Amino acid sequence: METSKTMEEPDVGILCYISQLPGFRGILKQRYADFIVNEVDTDGNVVQLTCLEPPPQMVEETKECEVKVSDEKMSESKSYEAEIELFRSLAGDSDAEKLESLISQVDSRTGSEDSASHIVLSPDSDKAHRTAVHNFFKQNFKFLVTDTTDGPDASSKCIRVRLDSGGHKNNGRNSKKRKERGEKPFDSRGSSNWPEHLGKFLRFHLYKENKDTQEALGIIGKMLGIQSKSFGFAGTKDKRAVSTQRVTVFKQQASRLAALNDRLIGIKVGNFCHVKEGLLLGKLLGNRFTVTLRGVIADSEDTIKAAADSLGRHGFINYFGLQRFGTGSVPTHLIGAALLRGEWKTAVSMILDPREGERDVIRNAREYYKESNDIEGTLRQLPRHLVAERAVLQCLKKCPGDYLQALKAIPRTLRMMYVHGYQSYLWNHAASERVQKYGFDQVFPGDLVYYKGDDTEKETGGVNSECNDDNSDDTYDCSHLDETSGTDRPESKNTLVKVVTAEDMSTGNYTVDDVVLPMPGSRVIFPTNEIAKVYHDLAKKDAINLTESVHSVKEFSITSMTGSYRRVFQKPLDFEWELLAYNDSNKPLAETDLDKISKTRSANIIKQEEQGQGDEDKDLSDCKKQPVSSRNSIGLSTDTNEDSEREVGSEQVFSSNRQETQMALKLSLTLPASCYATMAIRELLKTSTSVAYHKTLNQ
């Protein structure tokens, strides 16, 4: 495996197609709204954003919580005039007025936590002065807490002041740490007076455009003043897409989140309800995709029809898509191989070193670090979405030279992606070998299949049935890969697999749809035909032994991982397609959830006008009457060229020939959580799904 400037599908084992039918030209993700993803929950329901406001009953239920919290915040009714004047001499008039406003809101209860949640003081580059301000609040305002956030420029910081949502009757300063030691997937910042009859988690639908799941939740968390780990979700969704998924957050009021909608750009939240448990990775059945391929050119409509029919009948090879391996010039599986060999310093260098094809601001930060070794200066330059890089640098700042510790500082779900990437690399190559040697229409002796329980074959291996990653069909750096619970899925099924025998061949108990291949680990068995050799030969080339570990760091060792199985062939469910003609390349060709809400709202306004003031509609859900931000505000305008679209350049390319009629193919399909929609589209088009290739089609 060699690092190349642009990673291509063959580099990661994506080599074969099922059908020999000709493909056709089509542009994938010319606009991010051409790729719509809706999560499918564990009950089989497609998750959609239909309502932006909490039900009135939910608002009433949580008022009780607000009142109790406000009582706790200011248990003593006293004037803070003297303290505010002292603060004025310390911080100046502007910040004193902000503080006075915050206190008056809480004291008079004119605002709930929504309106009086926090203030941000003026930028301050003097660390000693900031310390004095922090200490002032500790001594004089027990019901407020402070922390530090980034200022408008690299040299300054801002102090944020917010209500202490745990109240000041705290059981010692370590009480929060004690709570967190339970390793629950949320923090303890919620109200201690949460109504007993309400579930402690608020579940909502997160709608996002051209944003990664973690990025979107980071923005929401910052606005609410809570940590990212307070949120739970079943899997990340594509970045360059419009997606809707379920999210849970611990002890938050729906009204607080709903109030963010007017300020959020490219993100909306809604469909609120309280539940008893938070979401965990893997708690989903799959995803419903609506994909629009633009600029379709084929020999004839029959070519498209034949390709679509074949995809529906035979499916596609269930490869891990290119997104699994990152889109940078240093693929995740290369870093994974270094980790499996125990080469900690090499792995850190691969994460931090300059790469081909990155934006100037990132490249400059990487080059600056390589030349200067100045961690502080690099962190000031490095964009916040580079989570892995920032975590590594912050750890190296505290523990210079401790590369293993620096790797462990990367959030777990992210750092595990490197080793999972290597497992996926091996799996893809094995799948290609299986298709090349045995085809796609029948099982062969030595194949592995899911055990159906109708025979007594003893040679079985049981671990969870799939590598439960989610479909993140677009990434832009290694910190935004598709999340995976890997072998850690909380609800893993202990599914048995067996080796196909000659007897099985004669009984016809198993079909090619049952064939699986292992993701290497300590508890999987390998096929007993020639396919097993692919795994060991490839690993040997990378100086890796799949049955022994050269180091004792369990999380970076294949022998300490359970492993899993993955179906080799996958058919799309509820597959539909249609050809569309269009002559404006900027015009959306598929409706998003937000489009549907806007349409409902418009219909209700017309209905109200027709009925006078529409009193009869009062029983309709309030959410349908709420103003929805204009489409421009979240990047759905058909006339403007937003930055995200300039990356691909589709609007600029086609702006001069808007009258030229073109064809688009709109596909709708549902896939299980471990499948990549891009791999289904690859089978249809018979062309690469790489971002670089589809950019060339725009030119």
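Trainee: Which residues does Ser688 touch, leaving out those up to four places away in sequence?
Mentor: Bear in mind that this is a predicted model. Ser688 is found in the loop between α21 (677–685) and α22 (691–697). With residues up to four places away in sequence not counted, the residues that Ser688 touches are Glu8, Glu9, Tyr693 and His694.

Trainee: By what distance are the C-alpha atoms of Ser688 and Glu9 separated?
Mentor: Glu9 is among the residues that Ser688 touches. Although the two residues are 679 residues apart along the chain, their C-alpha atoms are separated by 6.9 Å.

Trainee: Is Ser688 buried or exposed?
Mentor: The cut-off for a buried residue is under 20% relative accessible area. Because the relative accessibility of Ser688 is 16%, Ser688 counts as buried.

Trainee: What share of the contacts in the protein chain with a separation of 6 or more is accounted for by residues 24 or more positions apart?
Mentor: The protein chain has 699 residues, of which 56% are buried, and it holds 22 helices and 19 strands. Among contacts with a separation of 6 or more, the share that comes from residues 24 or more positions apart is 80%.

Trainee: Which element gives the most residues to the largest nonpolar core?
Mentor: The largest nonpolar core has 109 residues, and those touching the most other members are Phe35, Leu293, Leu339, Leu407, Ile410 and Leu684. With twelve residues, the element that gives the most to this core is α15.

Trainee: Which residues does Leu293 touch, not counting those up to four places away in sequence?
Mentor: Leu293 is one of the residues that touch the most other members of the largest nonpolar core, and Leu684 is another. Leaving out residues up to four places away in sequence, Leu293 touches Ile27, Leu28, Met663, Ala664, Leu665, Leu667, Ile681, Leu684 and Leu685.

Trainee: How many residues are in the second, separate core?
Mentor: This second core includes Met58, Leu202, Leu264 and Ile267, and its number of residues is 23.

Trainee: What covers the buried residues of α13?
Mentor: Helix α13 (residues 387–398) has twelve residues and reaches 17 Å from its first C-alpha to its last, close to the 16 Å expected at 1.5 Å a residue. Its buried residues are Ala388, Glu389, Arg390, Ala391, Val392, Leu393, Cys395 and Leu396. What covers them includes α10 (344–352), α11 (360–372), α12 (375–381), α14 (403–408) and α15 (412–438).

Trainee: Why is strand β5 described as largely enclosed by the rest of the structure?
Mentor: Strand β5 runs antiparallel to β3 (residues 118–120), to which three bridges join it, and antiparallel to β4 (residues 144–150), to which seven bridges join it. The strand, residues 157–163, is largely enclosed because its buried residues number six of seven.

Trainee: Which residue of β5 is the bridge partner of Asp147?
Mentor: β4 and β5 form a hairpin with six residues between them. For Asp147, the bridge partner in β5 is Arg160.

Trainee: With which residue does Arg363 form a salt bridge whose closest N and O atoms are 3.9 Å apart?
Mentor: Arg363 also forms a salt bridge with Asp360, where the closest N and O atoms are 2.8 Å apart, and these two, being three residues apart in helix α11, are separated by about one helical turn. Asp360 is partly exposed at 47% relative accessibility, as is Arg363 at 28%. The residue four positions from Arg363 in α11, about one turn of the helix away, and joined to it at 3.9 Å, is Glu367.

Trainee: How many residues apart in sequence are the parts that Arg434 and Asp447 tie together?
Mentor: The side chains of Arg434 and Asp447 meet in a salt bridge (2.9 Å, N to O). Because Arg434 lies in helix α15 and Asp447 in the loop between α15 and β12 (448–450), the parts tied together are separated in sequence by 13 residues.

Trainee: How many salt bridges does a search of the whole structure find?
Mentor: Beyond the pairs discussed, Glu39, Lys237 and Arg246 are linked in a network of salt bridges. For the whole structure, the number found is 32.

Note on methods
Residues are numbered from 1 along each chain as its sequence is written. This is a predicted model: local features need pLDDT of at least 70, side-chain atom pairs count only at pLDDT 80 or more; totals for chains, interfaces and linings use all residues. Side-chain values use heavy atoms; hydrogens and water are left out. The expected span of a helix is 1.5 Å times one less than its number of residues. Buried means under 20% relative accessible area, exposed over 50%, partly exposed in between (1.4 Å probe, protein chains only). Contact means heavy atoms within 4.5 Å. Two strands pair if DSSP finds at least two bridges between them. A salt bridge is a side-chain nitrogen of Lys or Arg within 4 Å of a carboxyl oxygen of Asp or Glu. A nonpolar core is a set of buried Ala, Val, Leu, Ile, Met, Phe, Trp, Tyr and Cys residues joined through side-chain atoms within 4.5 Å.
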